[in-house]
Amino acid sequence: MATETYDLIVLGAGSAARDGAGKASREHGARIAMVESTRWGGSCPNVACRPTKAYLVAAELMHEVRDHAAERGIDLPAPSIDLTRTRAWKNSLRRDQESWVQVLGDGGYGVYPGEASFVDVNTVQVGDARLAAEKILVATGGRTAVPPIPGIEEIDWLDHVSALELTEVPESLLVVGAGPVGLEFAQIFSRFGSRVTIVNHGPQIAARADGDAARELHDALTDEGIEIVLNGGLDSVARNGSQIDAAVQGRTLTVSHVLLASGRAPNVEALRLDTVGVETTRAGIVVDGRQRTTVAGIWAAGDVAAGPQFTPTAQYQARIAVDDMFANGSRTADYSFLPTAIFTDPELGGIGLTEAEAKEQGFDVGVGMHPLRFVTRAQYTGTKHGLYKLVFDRATRRVLGIHVVARGASDIVGGLAVAMQLGATVDDLAAMHHVYPSYSEGIKAAAEQAA
C-alpha cells in the first residue's frame with residue numbers, strides 16, 4: 001500500500017482543525033492532509049453555535065411579539081411557530097457538506113473522508129489510504145456524553161444536534177444539565193411553547209459562573225415559566241406509551257421529550273491512541289501549554305483536548321500548536337482573561353475570576369454591583385432580572401472579574417478583555433466615558449459603587 005506524505009496531518013475539520021491548517025499553510029507553506037469522519041466544517045457552523053443562535057433569535061422574536069408588542073402599541077395576533085419552516089431557515093444559514101469539501105480542497109488541502117486511526121506515531125490509516133507526516137494535529141472534537149441513567153437506552157433522547165432537527169415543538173421537555181447548552185435550549189423551547197423543566201446535579205445553574213450572576217439568570221428563567229430543579233439528578237427514565245416517565249428527586253415527571261446536556265465526551269475511540277502512547281482522560285487528550293500530547297510529534301486542540309471547550313479557544317489552541325510545530329514555540333496557552341457567555345435572554349457573560357474564586361486565591365476581595373433594572377436601556381423592555389458585578393482586589397484596586405447578566409453581555413465582557421489584561425482598576429472603569437442609553441453603562445455604575 002502506497003503512503004502519501006504530508007508536512008502536517010490534521011484529524012478533524014472543525015474550528016481548531018481549519019484554523020490550524022490555515023495558519024500552517026499560509027504562514028509556513030505546509031502541505032496538509034485533512035481527515036474528517038462526520039461533518040466537514042465541524043460542529044460549530046453545522047450543529048452547534050451558529051444554528052443554535054438562529055433558534056435563539058426566532059425564540060426571542062416570539063417572546064417580544066407575545067409579551068411586549070401590545071404594550072408598545074403594536075397590535076398583532078398571538079404568534080405561533082411552524083418549526084419545519086424555522087428549521088429550513090436555520091439550514092439556509094449554513095454551508096452544505098459538498099461546499100465545505102470544495103472550499104477545503106480549493107484551499108490546497110488533501111481531503112480525506114473517513115475515520116483515522118494511528119498506525120504509528122507518524123502514520124494514520126483512513127479507509128484504503130495511508131498518510132504520513134512528522135507532525136499530526138488531533139482535532140476530532142467531542143459529542144454528547146450519555147450519563148449512566150437506568151432506562152436511558154430505551155428512549156429516543158435528544159441532544160443539541162437532534163433537537164435542531166425536530167419538525168414539531170415538544171409538548172413538554174426535560175432538560176438534563178444547566179450549562180450553556182441546557183439553558184439555551186430550555187429557553188428556546190419554552191418560548192416556542194414547550195413546558196420545560198431543567199434538572200441539575202449542582203447547587204446553581206451555570207456552574208462556572210459567579211454565584212450572583214447565576215442566581216439572576218435563574219430568576220429570569222423561572223419568571224418565564226421554566227421549572228429548575230437543583231441538587232438533583234435524573235434517577236431513571238421509562239417509556240410510558242408515547243410519553244416518558246422521568247424520576248427526579250422522588251417524583252415522577254411525565255414528559256414528551258428528554259434532552260441531554262450534562263456533559264461532553266471526546267472523540268478518541270477510533271483513533272487508537274493507545275497504540276502510540278498518547279495519554280487521555282475522561283476530559284480528553286492530555287496536553288501541555290503548547291498543546292503537545294504525551295507523544296512527540298502529536299498535538300491536540302479543540303474539544304478533543306482536555307481544557308476549555310469553546311470555538312475561540314479551539315482556534316487559539318490550534319494556532320499555538322502550529323507555532324510550536326513550525327516556529328519557535330514561545331507561546332503558551334493562557335486563559336486568565338477568557339470571556340465567555342451563555343446566549344440566553346438575558347445573556348450571562350463573564351471574564352476573569354468569580355467572587356468565590358478570588359477569595360479562594362487569597363485576594364482581599366471587593367465587589368461593585370449595579371442592578372440591570374436601573375439601567376435606562378433595560379427599562380424599555382421591563383427587565384426585572386440582571387446585574388453588573390465587578391470583583392476587584394482592594395489592595396491594588398485591580399479588576400479581577402467582570403460578570404454581566406443583560407442583553408449584550410457577551411459584547412460587554414468581550415470588549416473589556418484587553419482592559420483587564422492591561423491591569424484596569426475599578427477607578428479606571430468608574431472614570432471612563434460611556435454611551436447613554438446603552439447596556440454597557442452598567443459597568444461604569446458598578447465601578448462607581450466599588451469606588
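**Close-up views of a predicted model**

**View 1. An open sheet of 5 strands runs in the order 21-22-25-24-23, with antiparallel pairing.** The model shown is predicted. Strand 21 (340-342) and strand 23 (365-371) stand at the edges. Each has a single partner strand, so one side of each lacks a neighbour in the sheet. From one strand to the next, the twist averages 10 degrees.

**View 2. Helix 14 (residues 441-450) packs on the sheet.** Helix 14 touches strand 23, strand 24 (387-393) and strand 25 (399-406). The direction of helix 14 makes about 135 degrees with that of strand 23.

**View 3. Strand 21 pairs with strand 22 (residues 347-352) in the antiparallel sense.** The pairing runs over 3 bridges. Threonine 340 has glycine 350, in strand 22, as its bridge partner.

**View 4. Cysteine 44 and cysteine 49 form a disulfide.** The structure holds 1 disulfide. The two sulfur atoms lie 2.3 Å apart. The torsion about the S-S bond is about -135 degrees, so the disulfide is left-handed. Cysteine 44 counts as buried because its relative accessibility is 12%, under the 20% cut-off. Cysteine 49 is partly exposed, with a relative accessible area of 25%.

**View 5. Helix 3 spans residues 49-68.** At 1.5 Å a residue, its 20 residues should span 28 Å. The end C-alpha atoms are 27 Å apart, which agrees. Buried residues of helix 3 include Pro51, Tyr55, Leu56, Met62 and His68. The buried residues of helix 3 pack against helix 2 (43-47), helix 4 (83-92) and helix 6 (180-192).

How values were computed: Residues numbered from 1 in each chain as written. Predicted model: local features only at pLDDT ≥ 70, side-chain atom pairs only at ≥ 80, totals over all residues. Heavy atoms only, no water. Helix = DSSP H or I, 4+ residues; strand = E, 2+ residues; numbered from the N terminus. Expected span 1.5 Å × (residues − 1). Buried < 20%, exposed > 50% of the residue type's maximum accessible area, 1.4 Å probe, protein only. Contact = heavy atoms within 4.5 Å. Disulfide = S-S within 2.5 Å. Pairing = 2+ DSSP bridges. Axes fitted to C-alpha atoms, helices over the stretch in contact; angles between N-to-C directions.
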